Amino acid sequence: MKMEKITFQNADGYELSGRLELPIDQKPHNYAVFAHCFTCSKNFTATRNITRALTSSGFGVLRFDFTGLGDSDGDFGDTNFSGNVEDLLAAIDYLSTHHKAPSLAIGHSLGGAAIIFASAKAESIQAVATIGTPSDTKHVKHLFGDQIEAIIENGEAVVELSGRPFKIKEQFLRDVDEQMLTQTLKDMRKPLLICHSPQDNTVGIQHAERLYHAAIHPKSFLSLDGADHLLTNKEDSHYVGNVIAGWASRYLELPEIKTIKSQHEIAASLNAADGFTTQVKAGNHYLTVDEPLEIKGNDYGPTPYDLLSSGLASCTVMTIQMYSKRKKWHVEDVECHVTYDKQHAADCENCEDNSSKIDTFTRHIKFPEELEDHQIKKLLEIADKCPVHRTLHSKTQVITHLL
């Protein structure tokens, strides 16, 4: 997972703070926007876990703080539900301008309600997922308890939510009373996944039922059995993220996976538009090879020299274990660590030339402590006889043909 700190302006000119998380090994095939729960933040644990499950599946995900929360500017007391929807539309516009228009929208709790309203307005959103979302925005008022009368009488009141004080104004109550969530959901007509726990004591399961009946097919329901409203068990939030990623792939455009056909053991293919990001077929396996960011690569995979060093390291431990089993020596685990660089040659044809260098692989091998000295000595000798090591020391040639 790669993360970028970003800021963008909402409709009122406030700077909103966000985190754009990207897959570590590829360009995002789709982007998603995530709306956190009421009074939470972009750094809420469940939000991070769901986001990272999505990036592992190739999504780029923008999570951000609503106005007045977390690191975003503004006064939470001056905000309302409609403002949250506008913040989401600003986030969608940011992705559309600087990256690619998001196709997936996800919201947790009241954030799920905001996602539905925003998705109804945003053409790029093709699939919507809600988590523990109420079927009407007025439901949030129950969190204010006996302070509702004070809010109405005085125009505002300080309410304690999740152990923190928040100023709630009367205009917030009026705003949530005016929202027609089920009607908006019915008119939205986009694929919907409703994720809800039967044991949710904050937003009861009956809300999921109302949302499901209001939505138009295609619609799906995921029961988060045993989970609480905030998904405090990390296994629940990881599960939600993985299921959303799999479900959304049915409705979103995913790039065709490129396969390389070859009768040779190894084949590599590089498109001109991909920089250094190279697709490799190694036997029956596919992998991505790249260069680091500092030399204008995307860092989506190991470099060619990383693979060369990996071949030496893996062949070394295989050879050692093979010899150990033949000798009936129990070697619980053996590690080989390799670094590669070019060092000044100590012995070469042009050693008088200070610029002369030689390719150097430095290998460190780690054995279990219970091995005896004579065993370690012998295994180090065997390491030098591993096939890749011998190949690197042998005279080699590369013969090139036109295919």
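Me: How many bridges join strand β2 to strand β4, and do the two run parallel or antiparallel?
Reply: Strands of a sheet pair through backbone hydrogen bonds, in either the parallel or the antiparallel sense. In this predicted model, strand β2 (residues 15-22) and strand β4 (residues 59-64) run antiparallel and are joined by four bridges. One point of reference is Gly18, whose bridge partner in β4 is Phe64.

Me: In what order do the eight strands of the open sheet stand?
Reply: The order is β1-β2-β4-β3-β5-β6-β9-β10, and the pairing is mixed. The edges are held by β1 (2-9) and β10, each with a single partner strand, so one side of each is left without a neighbour in the sheet. From one strand to the next, the twist averages 20 degrees.

Me: Which strands does helix α2 lie across?
Reply: Helix α2 (residues 81-98) lies across β1, β2, β3 (30-35) and β4, and runs at about 120 degrees to β1. Helix α8 also packs on the sheet, where it touches β4, β5 (104-108), β6 (127-131), β9 (192-196) and β10. The direction of α8 makes about 160 degrees with that of β6.

Me: In which sense does β9 pair with β10, parallel or antiparallel?
Reply: The pairing of β9 with β10 is parallel, over five bridges, and His196 stands opposite Ser223 in β10. Strands β6 and β9 also run parallel, joined by four bridges; here Ala129 stands opposite Leu193 in β9.

Me: How is the packing of two helices described, and what are the values for α1 and α8?
Reply: Two packed helices are described by the angle between their axes and the distance between the axes. The axes of α1 (residues 45-56) and α8 (residues 234-248) come within 8 Å and cross at roughly 40 degrees. The crossing is right-handed. On the α1 side, the residues in contact are Ala46, Asn49, Ile50, Ala53 and Leu54. They meet Lys234, Ser237, His238, Val240, Gly241, Asn242, Ile244 and Ala245 in α8. By class, this contact has seven nonpolar, five polar and one charged residues.

Me: Is Thr51 buried or exposed, and what does its side chain reach?
Reply: Thr51 lies in helix α1. Its relative accessible area is 0%, under the 20% limit, so Thr51 counts as buried. The side chain of Thr51 reaches the backbone oxygen of Thr47 at 2.8 Å. Not counting residues up to four places away in sequence, Thr51 touches Glu21, Val61 and Arg63.

Me: Where are Leu231 and Lys296 found, and what are their phi values?
Reply: Leu231 is in the loop between β10 and α8, and its phi is near 50 degrees, a positive value in a residue other than glycine. Lys296, in the loop between β13 (285-289) and α9 (304-326), is not a glycine either, yet has a positive phi of about 70 degrees. Leu231 is buried at 3% relative accessibility, whereas Lys296 is exposed at 76%.

Me: Is the peptide bond from His217 to Pro218 cis or trans?
Reply: That bond is cis, with omega near 5 degrees. Pro218 is placed in the loop between α7 (205-214) and β10 (219-223).

Methods: Residues are numbered from 1 along each chain as its sequence is written. This is a predicted model: local features need pLDDT of at least 70, side-chain atom pairs count only at pLDDT 80 or more; totals for chains, interfaces and linings use all residues. Side-chain values use heavy atoms; hydrogens and water are left out. Axes are lines fitted to C-alpha atoms, for helices over the stretch in contact, and angles run from 0 to 180 degrees between N-to-C directions. A crossing is left-handed if the near helix is turned anticlockwise from the far one by less than a right angle, and right-handed if clockwise. Contact means heavy atoms within 4.5 Å. Ala, Val, Leu, Ile, Met, Phe, Trp, Tyr, Cys and Pro count as nonpolar, Asp, Glu, Lys and Arg as charged, and the others, Gly among them, as polar. Buried means under 20% relative accessible area, exposed over 50%, partly exposed in between (1.4 Å probe, protein chains only). Two strands pair if DSSP finds at least two bridges between them. A polar contact is a pair of N or O atoms within 3.5 Å; within protein, one must be able to donate a hydrogen and the other to accept it, and residues adjacent in sequence count only if both atoms are side-chain atoms.
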